Amino acid sequence: MNLSTENILLIGSVLLFFSLLTEKVPKKFGIPILLLFISIGMLAGSDGIGRIHFDDPHTAQFIGMMALAIILFSGGMHSKYKEIKPVMLPGVLLATLGIILTTLFTGLFIFWLTNHFFEKFTFTLFESLLLASVVASTDAAAVFSILPKGMRLKYHLRHLLELESESNDPMAYMLMITFLPLVQHQGHSALWIVGIFFYELFAGLLCGFLLGKATVKIINKINMSNHALYPILLIIMFFVLFSVTEFIHGNGFLAVYIGGVIVGNSKLMHKRSSKSFFDGFTWFAQITMFLTLGLLLNPSELLPVAGLALVIGIFMIIFARPLAVWGCLFPFRAIPPKAKFYVSWVGLRGAVPIIFATYLLAANIEHGRIMFNIVFFITLLSLLVQGTLVPFVARALGLVEPKPLQLMPTFDTEAEEETKTAMSEIVIRKQSLKEGDCLLDMPVPENTRVVVAKRGDHYFIPKGNTKLEPRDILYIISDDEEGLREACGKLGIRHYHLRKQK
């Protein structure tokens, strides 16, 4: 079936619908959600039951590039300074030096392997390094879709893996576009290549910082009567940030991540609603990207490269990734060997290597299709072997922290055991307003509502745009006592007065 204007919306909607239905499968069966989305795309493709013929690497590259930029910006928005500060140095080393070492080890191995044992797929040194740079970045964020809810890892490993996976894509991208001209024999000098590399790095950092700050100022200064437009304004500023950086030939992926970190850690008008809207936008981009990449692949083409890709994938899991991780984390004595081993294991390949592989198809290099299929096979291998064992390895290494004890508050009234609804009086503190001073920006759970507020001797019914002040008293109601604990915990409040309602 060929895609056309008449059926593309219907087919796309059906595929997105079935993708959304699989959202709970990873946590139940321990299967990476990325694998499920790609599988749906493959089943709908020309070799699957859908028989949809899609062979446009340029379109796939554009969709993947925009989706990756959205994912990086969203990841930056959720990166909190206080959380990443303890792991900042090791995380940055893994995201930069770790990618370089992984590319070097894997590239040299591919060059040796294809020139001695797989002569049918003989690659030059630059082709080997190019292929290695494409598969070097990790997608550890996919791991957290299969980790049981509430599983806490010791030694700040969760924050370390998140920081690495969200920030190592720009380095892999720069390595890829450094080796690609060499494979195309464009004849650039070594000095020119090094200069371009550092220019893109500096331009990405500078644009991300400056335009991130500008985004915060613009959103806070513009007073729009329709508050639903603030999330739209954030998306517009995101596109400006990415496109301006790309226009001056900077690293747009690095820029959007830095910009996202700045926006996420700044005081922003309607921050909570904007982040929630952007999260949904990010999920839509991810699913669309996974389905597109699945459609682009012909599973029958994986068989000829299966042997070579299997050897490369095993080498990366057993040697390249561990050597790079241990080399980067060697100076950090506070990270024990078992934690370093776990970081090595959670070096999952994900959507990013496949997106980068579309650049090889679009560039029409000699072994572009072969490299694309190898990257796809390595990604599937990594998700199946490493991804499904992530929770097991964490428990086997003793890296799972016990759940913290829940301290029961002291109640001044008694209630019957069958009582369900609970009401509480909480006093707003300065810390409670860190996400924004509007009620709409406060992290109140869905099953909890603010019914009335008190300021001094004045009672009033708050709205979404109501600005709160320290010492304001909020009366909140929830389905049960657990909902109140969750609400107070998110607001940074430990002590509260609780009343249960019949």
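Strands E4 and E5 (residues 458-460) pair in the antiparallel sense over three bridges; two strands count as paired if DSSP finds at least two bridges between them. Strands (E, at least two residues) and helices (H or I, at least four) are DSSP runs, numbered from the N terminus. This is a predicted model, in which local features need pLDDT of at least 70 and side-chain atom pairs count only at pLDDT 80 or more, while totals for chains, interfaces and linings use all residues. Residues are numbered from 1 along each chain as its sequence is written, and side-chain values use heavy atoms, leaving out hydrogens and water.

**Strands**

**Nonpolar cores**
- A nonpolar core is a set of buried Ala, Val, Leu, Ile, Met, Phe, Trp, Tyr and Cys residues joined through side-chain atoms within 4.5 Å.
- Buried means under 20% relative accessible area, exposed over 50%, and partly exposed in between (1.4 Å probe, protein chains only).
- The largest core has 126 residues, and those with the most contacts inside it include Leu 130, Phe 253 and Phe 376.
- Helix H14 (residues 306-329) gives the most to this core, with 11 residues.
- A second, separate core has 12 residues, among them Ile 428, Leu 439, Val 444 and Ile 476.
- Setting aside neighbours within four places in sequence, Phe 376 is in contact with residues including Ile 38, Met 42 and Leu 293; contact means heavy atoms within 4.5 Å.

**A mostly covered helix**
- Eight of the 11 residues of helix H8 (residues 157-167) are buried.
- Its buried residues include Leu 157, Leu 160, Glu 164 and Ser 167.

**The whole chain**
- There are 19 helices and seven strands in the chain, and 53% of its 502 residues are buried.
- Of the contacts with a separation of 6 or more, 81% join residues 24 or more positions apart.

**Confidence**
- The chain averages a pLDDT of 81, and 81% of the residues score at least 70; pLDDT is the predictor's confidence in each residue, from 0 to 100.
- Over residues 405-419 the pLDDT is below 50, and this stretch has 16 contacts in the model beyond near neighbours in sequence.
- Where pLDDT is low, the predicted coordinates should not be read in detail.
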